[in-house]
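Trainee: I would like a close look at a single part of this model, taken slowly. Please start with the part itself and then move on to what touches it.

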Amino acid sequence: MRSVLVGIFNLLFALAAAPLLDGILRQVKARLHSRRGPSIFQTYLDLGKLMVKDDQAGANNTIFSLTPIVCFASVLLAALFIPMGGVVPLGFAGDTLVLMYILTMGPLCVCLGGMASGSPYAYVGVSREIMTLMVVEPVMVMSLIASAVKAHSLMLVDCIRQPLGAGPSLSFIICGVAFFLALQPEVAKVPFDQAEAEQEIMEGPLVEYSGRKLAMLKWSFYSKQIVLITLFTEWFLPWPALESLPLRMACTVLKVLVVAALVEVIAQVFPRLKINQSMRYFVSVNAFALSGLMLAVIGL
Amino acid sequence: MISKIKEALICLRAPRVTFRYPLEPMPAPARFRGRPTIDGAKCIGCGACAAVCPPRLIDIHGEGTTRTVELNFSRCTYCARCQEVCPVGAMQCTTDFETATNDRANYSVKVELAAVACQSCGTPFITQRMQQKLMAEFQPAWMQQRNELPEWLSLCQSCRVEKTGMTMGRNIKNG
Amino acid sequence: MTTAQVTMTTAPETLTKAQKILQGIQEKFGVALISAENPRPDRLFLKVRREEIRPITDYVFNTLKGRMVMSIGTDKTPVDGHYEVSYLYALDAEGIALNLKELVPENDPVVPSVAGIVTYANWNEREVYDLLGVKAEGHPDPRRLVLADDWPDDVFPLRKSVPYNFKPPVRDVKPPMRELTEREKKSTIVNVGPFFPTLEEAASFRLFVEGERIIGADYRGFFAHRGIEKLTDNVLDYNQIPFMAERICGICGFVHSACYCMAVEHAAEAEVPPRAQYIRAVMMELERIHSHLLWLGLAAHYLGFDTVLMQSWRIREPIMWLVEAITGNRKTYGLNLPGGVRRDFTNEHCDKILEVIAKIEKEAGELVAAAAEDHTLKMRLVDVGRLTPEDARLLCCVGPTARASGVNIDARKDFPYCAFPDLKFKPAVQHTNDIWGRLLVRAEETFTSIDLVRQMLARLPEGEIMAPVGNIPPWREGVGVAEAPRGECVHYVETGHDNRPYRWRVRAATYPQLQAVPYMLEGMHVADFPIIVGSIDPCFSCTERLITVDRGNANKLRIYEKKDLLAMSRRRTQELR
Amino acid sequence: MALNDFLMKHCFKRSLWVYHANAGACNGCDIEEINAFTPYYDAERFGMKLIASPRHADVLLVSGPVTRNILPRLKRLYESTPDPKVVIACGSCAVGGGMWFDSYHVIGGVDKVLPVDFYIPGCPPRPEAILWGAAVAMGLVKDKVKPYRYRQEGEGTPTLEVPPEEEIELTGQVLK
């Protein structure tokens, strides 16, 4: 029963609250820019507006049209797998690896859609997206697996409960930091948003999308952002372990806000790196995460 | 890393500076060169403004007994040269900049002035006000007393040329 | 030939710099020199035989170390049956502007190309062919440069026989492409533009890309070519042109109008009141401050660093309010007329200027200090967009772009104008040859400008601000040089009849810089493209102007000004007596 | 379809994404357009946003007289922007062709090429004027300029059609 309720909450959270989170982040950004900024509900209006726009497809093929739907669905599915308040809605149906697969599906879909759109900017964006995926996904996988190693189980519930009992270990902290560093490219924020770089390649894979399809893609991006940040806070910042579920969920929401704001602040004080520079950077982050994993294996 | 914190501090130290405009009015400074206007009551139709206007948007033309000063300031460059050369202060650049609209016809300014006919051929050639102004400035006192118009104010250019030619011819004939 | 020989008789020790240079040219190319004029100590106008232009160019460029400024093509066929093609050089070390003019007969419109000697002449010669129809023989890349792709091949707008408002029907024609090398043919071609988010203006680059590396680039621009130069030879008069010159560029407009006025004043040999000179110089420096802050913001924006964009524009904004309060507009100040300026500074204005620049000095200082230490910013800028001093000289680059490559030229020092002869300052020079250097140069210049404004306000002379320039006799030449924020800006005016120039030619700083962009792009990353183009602070509309002057709709009714009427009535009175 | 109408009425005008096209302008208008998005003016508080791809745009903000070179590209740009869209001509050049309206290489104001919905004159328009134009386009305020006519005959009342001072109407609740 509890997991059904949490599942519904998670869906709503990922679906309905995602644009609100984006609106709040736009306020954070505006504050750093010394300006007033849009209302926090602006993103809802943007999505509503995109719904009425003509769907003037830049390309006319199935992959191009299907991509937004698949992308959207994959994020919603992921929302059902992420823990919330220590409860994993679909915990019985899959483990950490399934979650990782589902999370990777979104970006891969975008890549396919970008390839299908036929714009040279999209091609450049796709190639950058794939390069980023190649170096960032291992970081996430290794950081999550480290907890699984400690918990001796791949089940999500076991993984998130482990540090609560044992307290934070060295490997746990290292993996937490690595995961946090990987969040930035995963939610497509400067300095690692090369694939969507507006100033260089006009939002890359999205360049040819318009109207409803663009709305769905954008919405799934916002949802993915909230899903990943929730995953991070639940996994690596599970404290305080409150007894009451509603209180604990409220606490998680608060933590999500703080982490998201931090991500946004980092995005605002960095210039965008070049793809080769960020690759080089993430190779070292990978080594860092790997060391965390090693430590977990030897039990530290 | 320190430079990042510095940058963040620069950002945070500056308050939110956004104006509330257009929800609150914000007048432009006094010297601002905004929407050009013609005060129809003052304009004498001399055309000085048309001669200096860089985008050449002031047009002066005449039909029948009217002289029309017409402009559509859609392509105005707001240089205020017209204001500078206007001898009567009819041409003014206001400080108004809120001129956005959906119809270019809203930018049209039209002043129709009465023209005076040439005493010889009857063609209208100069605006009434222009004639009065020139009279006030250049008419010799004795003519003013006799309420007489100097020739160059009562004849159109072609008639004047003709008349001058005739006078000269007569003078030559008379030695 | 006459004027040239007069100087020979003077004793060598009393010769001015210009006369010495003239003597040198005479000794070497005696017969090739047709005539020479030296109206001011810092101007030298030579007429040379067209056949000898290559050796003379070689001598001026390589021996005298002249820097080519621009070519000027004039249609003088209605006057003497010739086209005139001149090359204007700046001898920076001597502070002399040297003009080499060739006469080209109407029935044989060909000149020898000098693009093999001065790489920069490439665009100049293409432009002369596009607009005037004088072909450069032996040009390496004689494609269309300026005019629209669908413009008819046999109509040359700067010829006097072509009306300024001649508009041939629109056709559908593909843009001309340069011949590709084998390697370029195999690469991916990425078309950038003409509408591209980071370029505020329209410009189109074709990048040849291998993976993420750029191996070559081709530029097709001149989307902002508005035919400005044509409008001056029969539409607008001397007093209207400053307002058009101002609209050549929306950021450094004031420099353009001031530079035009200086060219006209030189041609008319008119004196400008000192107060007007100072007001012009103060406004130019204020313009430089806001332009450099604007550039810093845009450059950061190209790197996706919007916080710096917002903050530097926030810091810059008070200058815009300040100039608006003084002149009546934020960008196009409309202050210049030949002979002086239209609006005066009040004492409150001076106080306000000092207050604003003090605030900017503090805030911009903090921002620049933070940016200069920023490690990630350095990662993006150091060793990116390299331009060697040799290339900078061959391409005749100017301004911060050249100064970051160690070329120490600054029109404020080399060709002192307005108030600058009285002021003390040091041009900012860096030897890094990359974008980082350009950033440092601009940052330093901002503070130099603040200092200059202070110096000028401390010694602002009293008096008139306008001394109207009377009638200007035809066929006089004037060259105005000024240092715009982007680099040296040069205006050339040849006077004509009817109160309007016969030919007005403008060269803005971006013109040479843009030609250097393909050199900077080579071997760089696609991601570097926006910042490399941005690093020259491009102003496409400056580059793509073009101007001439006609009476348009104004002749429906003869229009009299008050002074005309006065003159007429006086004439009448005399006739009647 | 009711949903569409609802969204059109409540969302479209409060979320205008702007694609900025320079059709041969001098840079003045372009910089002022960006300036309208900087801290002091902040057009983003009305939901406006500068975007990179014409496919995402709602507003084409065109500056500059349309030069011959840019003409075919501008048309293509208009076609690739999905409906419903708004074209705003910004600056004297875009509104009426500027001082080069009849030059050989200039087509003239934007309205000669595209159907223009709103005009923002000014050379260049101040950022405030651009905000005002945006507010007019969003229906937040009513435009103030009216044509002016004066006839000397029939003296009686030479009509000075100076627009009355208008209160700013607030139609959007989201605005602060």
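What does the accessible surface of chain C come to, and what percentage of it belongs to carbon and sulfur atoms?

Mentor: This is a predicted model. The accessible surface of chain C comes to about 19,300 Å², and carbon and sulfur atoms account for 52% of that area. Chain C has 577 residues, and 68% of them count as buried. Its secondary structure consists of 21 helices and 15 strands. The contacts inside chain C can be sorted by distance along the sequence. Taking those between residues at least 6 apart, 69% join residues that are at least 24 apart.

C:Thr327 belongs to helix H11 of chain C, which covers residues 306-327. Its relative accessible area is 0%, and because buried means under 20%, C:Thr327 counts as buried.

The size of an interface is often given as the accessible area lost when the parts come together. For chain D and chain C, that area is about 4,300 Å², with 60% of it from carbon and sulfur atoms. In terms of residues, 42 from chain D are in contact with 59 from chain C. On the chain D side, the residues that lose the most area to chain C are D:Arg68, D:Trp100 and D:Tyr104; together they make up 20% of what that side buries.

One of the salt bridges joins the side chains of D:Arg126 and C:Glu324, at 2.6 Å from N to O. Several elements of chain D supply at least two residues each to the side that touches chain C: strand E1 (17-22), helix H2 (28-35), helix H3 (71-79) and strand E6 (106-108). H2(D) gives the most, with six residues.

Chain A also meets chain C. Here 23 residues of chain A are in contact with 30 residues of chain C. The two chains bury about 2,300 Å² between them, and carbon and sulfur atoms provide 58% of that area. One salt bridge is found across this interface. The side chains of A:Lys274 and C:Asp528 form a salt bridge, with 2.9 Å between N and O. Eight residue pairs of chain A and chain C are in polar contact, both residues at pLDDT 80 or more. In chain A, helix H5 (120-151), helix H8 (198-201) and helix H11 (275-297) are the elements that give two or more residues to the side touching chain C. The most come from H5(A), with four residues.

A last point concerns chain A and its surface. A:Met1 sits in the segment before helix H1 (2-32) of chain A. A:Met1 counts as exposed, because its relative accessibility is 72% and the cut-off is over 50%. A:Met1 is also one of the residues in a nonpolar surface patch, along with A:Val4, A:Leu5, A:Ile8 and A:Leu12. Together these residues have about 540 Å² of accessible area.

Terms used
Residues are numbered from 1 along each chain as its sequence is written. Chains are lettered from A and ligands numbered from 1 in the order in which they are written. This is a predicted model: local features need pLDDT of at least 70, side-chain atom pairs count only at pLDDT 80 or more; totals for chains, interfaces and linings use all residues. Side-chain values use heavy atoms; hydrogens and water are left out. Patches are made of residues with over 30% relative accessible area and no salt bridge: like charges are joined within 9 Å, nonpolar side chains (Val, Leu, Ile, Met, Phe, Trp, Tyr) within 5 Å. Accessible areas come from the Shrake-Rupley method with a 1.4 Å probe; for residues, only the protein chains shown count as cover. A salt bridge is a side-chain nitrogen of Lys or Arg within 4 Å of a carboxyl oxygen of Asp or Glu. Buried means under 20% relative accessible area, exposed over 50%, partly exposed in between (1.4 Å probe, protein chains only). Contact means heavy atoms within 4.5 Å. Buried area is the accessible area (1.4 Å probe) that two parts lose on being put together, summed over both. A polar contact is a pair of N or O atoms within 3.5 Å; within protein, one must be able to donate a hydrogen and the other to accept it, and residues adjacent in sequence count only if both atoms are side-chain atoms.
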